[in-house]
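Please look over the sequence and the structure below before reading on.

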Amino acid sequence: MLSNLFDGHWRAHVGAGGHRLLWMILTIGLLGMSTDVLAHAVAQGDKGYIQEITGINLIAFTYLGAKHMVTGYDHLLFLLGVIFFLYRMQHIAIYVSLFALGHSTTMLLGVYFNVGINSYLIDAIIGLSIVYKALDNIGAYQRWFGFQPNTKAATLIFGFFHGFGLSTKIIEYDISPDGLIPNLLAFNVGVEIGQLIALAMILIVMSFWRRTDGFFRHAYTANVAMMSAGFLLFGYQLTGYFVA
């Protein structure tokens, strides 16, 4: 569908604006990895709060879920990749819903059944999900292999991995079993609220960008930047796995 984005003449028009997009997205990834709040991690203050409270705390967990999504750079990069070339709201709703379904399912089931995955490995896979989507956006699979993977299935599957990333962290913080299910549901509601907020901000920026003459000239570079950020996240987390 988008294999024509590899056309040499098209790429030749990527100018300074495209390079600025490249550095902007790479900076987001580097800033995220240079802080204590790594992909899917919970800030230290929130971590202590989660470990101390007991009983049902719907508002608090809703807030924490929303905060996690809005500040989760890995989620945001993947979400940006998913909606990058989607123009109709019904199409956006379908893909975002599939991602939310996958994310919610593994987060809830993972915590409830105490199924955790090594946090470095799961976050490395999440980095690869960003790489996968960026390559999909620039038509790499059609050009290299002559076929187009099922984008809906891929979005759902990577949603499962994103959910496992969060459930792994929640399990590590050993939250109280008292009120566990209502609190998890509230957290998940917060995550979806945060996703809608993040999506709204992304769509606002994208709507203005798409109206400019430089959108298609810079879209290739933007997706290369996303791919680079995904590789950075993958390498960073894989290094942490072997060093830890």
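A residue is called buried if its relative accessible area is under 20%, exposed if it is over 50%, and partly exposed in between, using a 1.4 Å probe and protein chains only. By this rule F84 and F85 are each buried. Of the 244 residues in the chain, 52% are buried. The model is predicted, so local features need pLDDT of at least 70 and side-chain atom pairs count only at pLDDT 80 or more, while totals for chains, interfaces and linings use all residues. Residues are numbered from 1 along each chain as its sequence is written, and side-chain values use heavy atoms, with hydrogens and water left out.

The chain has 11 helices and 0 strands. Helices are DSSP runs of H or I with at least four residues, strands are runs of E with at least two, and both are numbered from the N terminus. A contact means heavy atoms within 4.5 Å. Among the contacts in the chain with a separation of 6 or more, 87% are between residues 24 or more positions apart. The chain exposes about 11700 Å², and carbon and sulfur atoms supply 68% of that area. Accessible areas come from the Shrake-Rupley method with a 1.4 Å probe; for residues, only the protein chains shown count as cover.

Q195 lies in helix α10, which covers residues 180-210. Is Q195 buried or exposed? Its relative accessible area is 2%, so Q195 is buried. Leaving aside residues up to four places away in sequence, Q195 touches M69, L79, V96, F99 and A100.

The aromatic rings come next. Rings of Phe, Tyr and Trp (its six-membered ring) pair if their centres lie within 6.5 Å; planes under 30 degrees apart count as stacked, over 60 as edge-to-face and the rest as tilted. The structure holds 15 aromatic pairs. One of them joins F78 and F158, edge-to-face, with 6.0 Å centre to centre and 65° between the planes. This pair links distant parts of the chain, since F78 is in helix α5 (residues 73-83) and F158 is in helix α9 (residues 151-172), 80 residues apart. Both F78 and F158 are buried. The ring centres of F84 and F85 are 5.0 Å apart and their planes are at 65°, so this pair is edge-to-face. Ring pairs also link F78, F99, Y132, Y141, F158 and F161 into a cluster.

Charges can sit over rings as well: this requires NZ of Lys or CZ of Arg within 6 Å of the ring centre and within 35 degrees of the ring normal. R210 lies over the face of Y87, at 4.3 Å from the ring centre. R211 lies over the face of F208, at 5.5 Å from the ring centre.
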